[in-house]
Each structure stands twice: as structure tokens, then as C-alpha cells.
Amino acid sequence: MVEPVGNQYVVARPVYSENSFGEEHKKVHRYHKTFLDHLRVCFRCSPQKAKNIATGLLPITSWLPAYRIKEWLLSDFVSGISTGLVAVLQGLAFALLVYVRPGYGLYAAFFPVIGYFLFGTSRHISVGPFPVLSIMVGEVVLKLVDEESVGNSTLTTSTALDEERIQVAATVSLLAGIFQLLLGALQVGFVIIYLSQSLISGFTTAAAIHVVVSQLKFILQLPVIGCKEPFSIFCTLGKIGGQITKTNIADLVTGLIILVIVFVVKEINERYKTKLPVPIPIELFVTVVAAGISYACNFKERFQVDVIGQLEKGFKPPIQLDMRVFQSCVGEAFSIAIVGFAVAFSVAKVYSIKYDYPINGNQELIAFGLSNIFCGAFSGFAASTSLSRSGVQESTGGKTQVAGLLSAVIVMIVILAIGFLLEPLQKSVLAALALGNLKGMLMQFKEIGVLWKKDKYDCMIWVVTFLCTVILGLAIGLGVSIGFELLTIVFRTQFPKCTLLANVGRSNIYKNRKDYVDIYEPEGVKIFSCPAPIFFANIDFFHDKLITSVGFNPLRVLRKRNKALRKIRKMLKKGELQMTPKSFICTVNGLNDSDEELDNNQIEELDQPTNMADLPFQIDWNAELPPNITVPRIDIHSLILDFTAVSFFDVSALRVLKATLKDFIRVDVDVYIVGAQDGFLDKLERCAFFDEEIKPSIFFISIHDAVLHILVKKNGDSSPKFKPMKEMGSSDHYIINTNGELRNRAYTVRPPLSLPPCMSAATEDHQHFLNTYRLKSSTCERCGLTSSQDSTERSESTGTGLAVIHIVSCIRF
């Protein structure tokens, strides 16, 4: 029963253990599906299921028939043209990161879009080259293609080298697509959960640093041969520094001018994005202008700048697979597959939330897998989604992937017809455009300060990921970063912040005793809380923290008691010890037996419960003991373990927990477990956890239930000031008066409350209390409530319930 009183509530219910709650409230029997049941559902066939599978594997069949031509076609057309022009430029620029000719970047901007149009579930992302993936593929190219053999190579040798680079880039992209397709087919799209936002942010920022270093040689036009992982970034910087005097000034000036213009305009786009109808397509403008100036002024002949050169028309035939490359880049291909999917899914999720439509992680893996397989087979390289390009597609009004298809048409037109117009464009311009697209990634450095304030672990993940990726390279750095991230999770669960709880506010609320001033603790009761799963890796830590919190090791105390019993038995047998009503009397000066002699080579007996059945008296271990017999005193009689936040136990943890509970029980400390998760008791039954010493009755619904049970059990019969009063009309509901049994931080004991005769009578006759309370104008000694006309009216309106509430709240704590 819950009775509201103003902004408070009063709950009247029995004190529940898990057993009593289960007896009073029967559970609904639920049938839990077995593995065979899931198999039957999986292989069951029906027309609706076949339709769902078809639309799931080919999402275009679900959204294309519902396409609103009049409302969406014009927006998708404008968006497709804008996105296609950006895709052309980014394809050419990011091809430099892969160390292949720029024309092959157009293939990477075309083929993945077709695959994603058919199989993808996001309506707004623009699929194609991504700088992080491009540089990851480029590092594989550097690893497998030996550039040292070039030297002063002839044209024939250089062409063969380019072909080898293209084959390696395409093969590793195809292998990455196979990994993505397999992961999607196995329905393991949840793999993305192991890449936290902090890890992705740190990794992409470090990748941006790698992109900057890799593009310096194009900005400066230096013949720098790339370096292999690890420490490739330092090797490349060293080579650039050694050849800095050979810099082509025309390329440097052009690159810097383009870079400044791109950064400034992108900043304008960011600041005034709410006022601009569409972002200013600065990449398109500078490309047209730079290509025109280079062609008109003949920069290639006059300043010996490095230009794109001839772009081959048409598409390449499918490549021939090289199994040597397959075997050599398995790890790198898997890293490319995971990173590409992680970035694309993160961006797709942002747009799906913004426009309220679902995306399927497993289907996204299948879509990107098929796209990369298709792209790699036709001489492209791995694709994901570009943040800036997706922003253009969305901000220019793109509604569906029809905009993506139109952008692919623009790329196809460039490949088949007008690619020659870009031949005079300097590579330094493409490098500057690639660097200009890194602004968002480089600005992620600001997250360090924000993460440090929010969560130190996330900040450490960001910093370690960034440093490992910069120093060790992208593939190795990603692996180390994931390992460190998982290590932080293990560290958090292996060393949880266990605390002692206390009653706060004299209610049913229990919090960390160190955080509050007005706390109360039942005498002789410790409440220990563990906010983490307990398993084989942290059970020892849990045990040590528990021992530290209670202030003694029960196993050592038990052994001390058993050794003391051996001494007492030996002294009684020799007549050296006598028992009086007040204390022991020892008739000898001391006992010279050593602990080893008393052990009698039977150490295991010391761990058994103390047995005083053969003694003519019972020993109070906290009282005075015979001389030369010392046993640690225990100042608690009950221990409550709060498992509300413990999500699971494993078998190893249960074994140690059972031994620990037995140790406490054997030294006369009652142990209670509260807040156990549903099904926990069933698991304990299966694991044979219960025996003669540990019984299911130690489990309680809440901390307060256990505390009230302890107060009744320990003080109900022995203390005259502690009398549980049976409420009228209830067979098992007691109003418990602790009368000062809860003590505060200073360990001061509140004196028992002397109730007026009227209140004493009220416990037996509610109406008599109301009548007396209305007649007498007095103030409650406990809570300060004064009798008044208002309180009289409230008492009359609520009947005897308010009076009972007042008595219980006044004298309970």
C-alpha cells in the first residue's frame, strides 16, 4: 500500500525476504526458448518471412516504390550534381594517399555508390573515398610494393610499378569487402560497439596527422619514397627534411594559397550555415580556376610542376587476384573493413536520428562489403563515407540515395568524356584539397579537455589511441588501441569502488557513509556494496575489500578461536582452569605450548566451526579470556552485502563467495544478501550453493528489509526498549520502534523517546489518539508538529491514517 502525504509517500508492507516475497507473490511461469526453438524459428518459411528477407537484403525494393517523384526528384537532382562534383575532386585528391594515379580515385568514387544504392539502408550518406581509409590502403601499398627499385627508372619500369600499386590497392580493398560481407552475413554488426566514440575520434585525428605528412611531398614536390610501419611518420619526416632544399616554389605557393582559401571558406560555411542556402562549393571553384591558370600559363613547362597528366577514358577490366597479396595483408584488410564500417555507420546513425528512419547495422556491413568488392574488382580502392561529402549531399536537399546515384553519373561523365579538362591541374592543388577536408578531424584535439572533465578513462583512451596510431601506424595503432580500450573495461570491473553504506535521513535510503553528515548505522551492522559484476578476475579484490571494510579476517579469527579452544580444553583437563559466574580463574602462571604443538598437525580442523559442546560453559569471545589466550574481538553481529548493482557471478566467484560467507557465519556474524538480480537464486540452486550453514533465507528484497529484520532478531527479545508493535488488522505487519538503535557519525546514542500517555494510548486506540490530540494544544517532542485547527481538519479528513503515519514517522528512527 502506498499512501501519498503531500510530497512524501508512506509504504505499509511486511519485511520481505526473498523466500517470503516468493511465497506471497507467485511468479508467472515463463517458457524460455531453447536453441532448438530458435533454429525452428530461423528455418521456418512463410510468405511474409520471405518478403521480409527480400526487402532486408535489397532495401531498394522497399523505398524506391514509395519514392515521391514530385516532392523529392528536384532536390535529389540538385544534390546529386553538387555531390558528384565534390566526389570527383575528392577522388582525385585521395588517390594520392593510396600512391596510385589520380584517375583511379574516380573509380573509387563511382563503383561503391552503385553498390550502396542497391543494398544500403541510409538515405543521406555519400559513399566513396575517405582519407583515413585511403591512407590505410596506401600503407599496405608501401608495405608490399618496393619503391626502392625505382631509382632513376625508365618509363616502362614506372608503368609496371604503377600497375603493381593498383593491383595491391584493389586487392586489399576487395579483401576488406569480403570481411565486411562475411561479418554482415554472420549478423555480427554489433562489432561496432567495441569502437567507442573516444577511440574513433583519437584514431581519425591521428590518421589526419598521417594524411598531412603524406601530402607534404606533393605540396613541396619532393621525390620522397614512402616508409613502412611502424614509425613510418618519423621516417617520412626525416626524408622530407633531408630534401627540403629541392622544394618546388611554384607548387608550394599554389598549395598554400589553395589551402588558405579552402580553410577560410569552410569556416564561413560553418559559421553561416543557417543563413546559406547551400554550402559554398569552394573545392569546385578553386579546381576550375587552378586548372585554367595552370593550362593558360603552362605551369608544367615553365615551373616544372607535377600535374595530374593524362586521365584514361573508360573503365578498366576486372583485375586478376594475386594470392600473395591476399596472404600478406589479411590483418590490414580486416582493420580497413572495421574502420570503414565504423565511420560510415556513425555518420549514417546521425542522419537516421535526425530524419527518423531506421538503419540496419548488419545490412550496412553487407552493403559496404559488396560495394568494396565491386570497387576492388574494377581497380578502385576501399570506400566508406566522407563527412564533408555527406554534409553536401544532405545540406543541398538530398532525400534518398537517388542523389547518390546522380552523383555517380557525374563521376561517370568525367571518366568517359571530360576528364581531359583536369589534366593540367597540379597535384599540389589536390594535396591542398585533401588537407582542407581534414579541418574537422584536426579540430577534434579540443575533445581532450572536454573528456578530461567528463571521464578520465575516455580521455586516456583518446590520448593512447592518438599516440599509438601516430607512432606505430594505422593498422598496428588500431589494434593496440582496441586492446587498451578493453583493458580499461577490465580495469573498471576488476577494481570496482566498493563502499560501506549507512542510513541517510532516517528513512529507507542508504548511501555511501563518507558522503553525508546526517547518517545513522544500526549498532553492530555493516552494509557493504559492490557496484560491478563479480567474476574470476575481481573476486579476490572483492574479498580483500570486504575484509578491509569490516576490519577483520573471519578465517583468521576462526583459527584463533579454535586454537584458543584447544588451549582451554587442555587447561581444563589438567585442572589449570576454573570457571566462575564472572570470569575464568587460571591456577598456573602460563601455558608454554607453542601454536605448532597445539595445531597437532591438523591445520584443516582450525577452519571448521567452533565446537563447544563438550565444555561445561559457553565462551563469550568478546569477554575476558584466560591469561595467555588472545582472540580478536568482533564488534559486529550482522553483515549485509548489497548486490543491487552486481549483474552476474561466475562459478569461480561463487566458490570464493561461499567460502567467505561460511567464514563469517562460523565466527557468529550473520550474513544477508540484498538486491540480488532475478534468477540469481535459481543459479545458486544449480551450483549447489546452499547447505546447512548457508540458507536461502539470507536473501532479502532490499537493504531496509534486512536492517529491520536484524533489529527485530537481535533486539526484539533481549531489549525491553525495543518492542515491535503488531499493527491492528494485520497478521505479519509490524511497526518497528528502534528507539535510538541507529547512531550517527559521532557514535552518539539518542535517548529513548518518552511518549505522552495519549500517544501510548494511540497505539492501542487510534480514535482515542485523535480525540486527545484535538483537545490538547501541544507540540510533539520528537518532530515538532503542533496541534492546530489545520492539523485537526487534516486528521479528520484522513481519518486515523494520519495519526498512525505520525506515530510511525516520529518514533521509527
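**Close-up views of a predicted model**

The crossing formed by helix 9 and helix 10 is left-handed. By class, the residues in the contact of helix 9 with helix 10 comprise seven nonpolar, three polar and one charged. The structure shown here and in the following views is a predicted model.

**View 1. Packing of helix 9 against helix 10.** Helix 9 covers residues 197-220 and helix 10 covers residues 232-242. The two helices pack at an angle of about 20°, and their axes lie 10 Å apart. Because angles under 35 degrees count as roughly parallel, helix 9 is described as roughly parallel to helix 10.

**View 2. Residues at the contact of helix 9 with helix 10.** On the side of helix 9, the contact is formed by Ile209, His210, Val213, Leu216, Lys217 and Leu220. Helix 10 contributes Ser232, Ile233, Thr236, Leu237 and Ile240.

View 3. Gly115 is located in helix 6, which spans residues 103-119. With a relative accessibility of 7%, Gly115 counts as buried. When its neighbours within four places in sequence are left aside, Gly115 is in contact with Gly120 and Ser371. Gly369 is 254 residues from Gly115 in sequence, yet the C-alpha atoms of Gly115 and Gly369 are 9.0 Å apart in space.

View 4. Lys266 belongs to helix 11, which comprises residues 249-271. The relative accessibility of Lys266 is 18%, so this lysine counts as buried, the cut-off being under 20%. Not counting residues up to four places away in sequence, Lys266 touches Glu283, Ser388, Gly436, Asn437 and Lys439.

**View 5. Two cysteines, Cys329 and Cys687.** Cys329 has a relative accessibility of 0% and therefore counts as buried. Cys687, by contrast, is partly exposed, with a relative accessible area of 34%. With a disulfide taken as a pair of cysteine sulfur atoms within 2.5 Å, the count of disulfides comes to zero.

**View 6. The chain as the setting for the close-up views.** The chain has 813 residues, of which 48% are buried. Its secondary structure consists of 33 helices and 16 strands. Among contacts in the chain between residues at least 6 apart in sequence, 78% join residues that are at least 24 apart.

Methods:
Residues numbered from 1 in each chain as written. Predicted model: local features only at pLDDT ≥ 70, side-chain atom pairs only at ≥ 80, totals over all residues. Heavy atoms only, no water. Axes fitted to C-alpha atoms, helices over the stretch in contact; angles between N-to-C directions. Helix = DSSP H or I, 4+ residues; strand = E, 2+ residues; numbered from the N terminus. Parallel < 35°, antiparallel > 145°, perpendicular 65-115°, else oblique. Left-handed = near helix turned anticlockwise from the far one by under 90°. Contact = heavy atoms within 4.5 Å. Nonpolar A, V, L, I, M, F, W, Y, C, P; charged D, E, K, R; others polar. Buried < 20%, exposed > 50% of the residue type's maximum accessible area, 1.4 Å probe, protein only.
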